[in-house]
Structure formats: C-alpha cells, structure tokens
Amino acid sequence: MFDLAFNNFNEILDMDGHGIYVWSVYTIGISMILLSFLVAKHRIHDIKKKIKTKNASS
Amino acid sequence: MLTLGWIWGLLFAPQDAVQGNSYRIIFLHVPSVIFAELIYFFMAICALMHLVWRVKLAAYLIKAAAPIGAMITFLGLLSGSIWGIPTWGTWWQWDARITSTLILFIMYLGILTLHGSFSNKEKADRLMSILVVIGVINIPIIKKSVDWWSTLHQPASITVSGGSSIDPSMLYPLLISIIGLGFTLISLGILSSRSYIFTREKNKKWIQDSV
C-alpha cells in the first residue's frame, strides 16, 4: 500500500500521458485554496487597520 | 492532513485498471463536490435560523460561507471537466449530475450578487436567507441525479451507510483527503466569518475594543 507507484521523477510528471490533466487540476486547486486564505487574511488586516485609524482619530 | 491525503493518492495509490493515472484527480474532485453540497446545506440551516429566530450571526455565516462554497463548487466542476477529457473524451456534457452542480454554482453566485446589490444590509440578509432556503431543493437533486436519470456520470462510489466500491488502497487516501479538505475549509470559514463580522460590526464598541 505504501510502495511508490512510479519508478522515477519523469514518470511522476508524465503519469502515462495523464500528467497534464492531473497536475493542472492540483495546481489550480492548491492556488485557489491558498489565494482564498490570503484574501481572507488581507481583509481582516484591512478592516482592523481601518478600525484602528478610526479609533485613533476619535 | 490534506497534504498527506493528496501525496498518498498522487504518488502511492496504485494505478486504476480502467482509467490509468487520470483517476488520481478523484482525490481533489470528490472532496470538492462533497463540500460544495455540505456548505450549501450548512447555509440552509443558518438561513432557517435567521428567518425563524432572527439570529444575526446566522446571516453573517451565510455571507462568509457563500464565497467559499462558490470557490469549491467551481473547483469541483473544473476538476470534473478536466477529468472528463481523458475519461469521457469530452470536457462537458449536459447530464443531470453536472448540470445540477452547475446550478449550485450559479446559486452561490446569485446569493452573493443579491446580497451585494442592497445597501440595506438587514433586508439583504433576509432576502439572501429566503433564496438559500429555496435553493436547498437542488441538493437532493444533485445527490440523486445519478439514480433518477441515466447519466454519463458514474453512481456514488462511497455511501454514508459505509458501503464502498473502491479498493482500500485508493479509499484510505480519499477519506483522508475528504477529512483534510474539511479541516482546511473550516479554517477558511473561520477566517472569512471573522473578516465579515468585523466589516458589519465595525461601528460597535465591542469590535473597536477588541482590535
């Protein structure tokens, strides 16, 4: 169950011609999930900054 | 946990006898579509709480969950389309499962658009909740579409009752990927909810004190 299914790095990339489909799906998936985290963190940072500025001015 | 599931599935799970290595998309596709439906179901429960008991937080949670639901549904559709090219010979087919999932994606976008189009946010929360409750009818349709209609999409390989037609060497990484994506989306949901609560309640003293 824990044996590597491929013999070398090229086989991992190529996956018998299916590598383009498999790796593009995971690349897009990982990018979208990471981007969502970054956007959420950025929004929290932004709104906190606005509230702090408002607090300081009042 | 998600990384573990994906590495196991991508590198250590054996090749499928029929689909070859293209089946490895399953470790992203199946968790994505499971959570696309579960997030909507969660939103429907929140919508009922908002409409019946006027729980303000429930509406905030819907608004925070909708973009995550849209993102994960899009990912499910996209991964399915890419998987369809080597498996079915086409990236799109207007069959019941795929079309009902596309409707789910449009529902998510509709909910976000509807909420964004009102300046009165209380009214927007109420209308958004009504739309979410109406749209929940699509969830059992997606689930049962492969049984009710003759579709290109295969029937469910794993069922809630515990049955599975997948070999354990492929099933375990799939289950780990599902649990891993669940934790990832919960973390994202917490961040997104926090950001939306800050946005909506920014004039309240408790928020100003907490920053």
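Predicted model: local features only at pLDDT ≥ 70, side-chain atom pairs only at ≥ 80, totals over all residues.
Student: Why is chain A said to be more spread out than a compact globule?

Tutor: Its radius of gyration is 22 Å, well over the 10 Å that the globule rule gives for 58 residues, so chain A is more spread out than a compact globule. The radius is taken over C-alpha atoms, and the rule is 2.2 Å times the number of residues to the power 0.38. Along the principal axes, the C-alpha trace of chain A spans about 65 × 25 × 15 Å.

Student: What percentage of chain A counts as buried?

Tutor: Of its 58 residues, 17% are buried. A residue is buried if 20 or more other C-beta atoms lie within 10 Å of its own, exposed if 12 or fewer, and partly exposed in between, with C-beta atoms placed from the backbone.

Student: And Met15(A), buried or exposed?

Tutor: Met15(A) counts as buried because it has 20 C-beta neighbours inside 10 Å. The residue lies in the loop between helix H1 (9-14) and H2 of chain A, and its phi is near 45°, a positive value in a residue other than glycine.

Student: Which residue of chain B has a positive phi of about 55°?

Tutor: That is Arg54(B), which is not a glycine. Arg54(B) is found in the loop between H2 and H3 of chain B, and it is exposed because 12 other C-beta atoms lie within 10 Å.

Student: Turning to the interface, how many residues does the contact take from each chain?

Tutor: Chain A gives 30 residues and chain B gives 34 residues; two residues are in contact if their C-beta atoms, placed from the backbone, lie within 7 Å. On the chain A side, H2(A) supplies the largest share, 20 residues. That side divides into 19 nonpolar, five polar and six charged residues. Here Ala, Val, Leu, Ile, Met, Phe, Trp, Tyr, Cys and Pro count as nonpolar, Asp, Glu, Lys and Arg as charged, and the others, Gly among them, as polar.

Student: What covers the buried residues of H1(B)?

Tutor: The cover includes helix H2 (19-57) of chain A, together with helix H2 (26-53) and helix H7 (168-200) of chain B. Among the buried residues of H1(B) are Trp6(B) and Trp8(B).

Student: How many helices and strands are there in chain B?

Tutor: Chain B has eight helices and zero strands. Its C-alpha atoms fill a box of roughly 60 × 35 × 30 Å along the principal axes, and 38% of its 211 residues count as buried.

Student: Which residues have the most contacts inside the largest nonpolar core?

Tutor: They are Ile25(B), Ile39(B), Met43(B), Ile62(B), Ala65(B) and Ile72(B), in a core of 57 residues. Such a core is a set of buried Ala, Val, Leu, Ile, Met, Phe, Trp, Tyr and Cys residues joined through C-beta atoms within 7 Å. H3(B) gives the most to this core, with 15 residues. Leaving aside its neighbours within four places in sequence, Ile39(B) is in contact with Ala65(B), Ile68(B), Gly69(B) and Ile72(B).

Student: Where does Lys63(B) lie?

Tutor: Lys63(B) is part of helix H3 (residues 56-88) of chain B. Lys63(B) is buried because 24 other C-beta atoms lie within 10 Å. Beyond its neighbours within four places in sequence, Lys63(B) is in contact with His115(B) and Tyr196(B).

Technical notes
Residues numbered from 1 in each chain as written. Chains lettered and ligands numbered in written order. Helix = DSSP H or I, 4+ residues; strand = E, 2+ residues; numbered from the N terminus.
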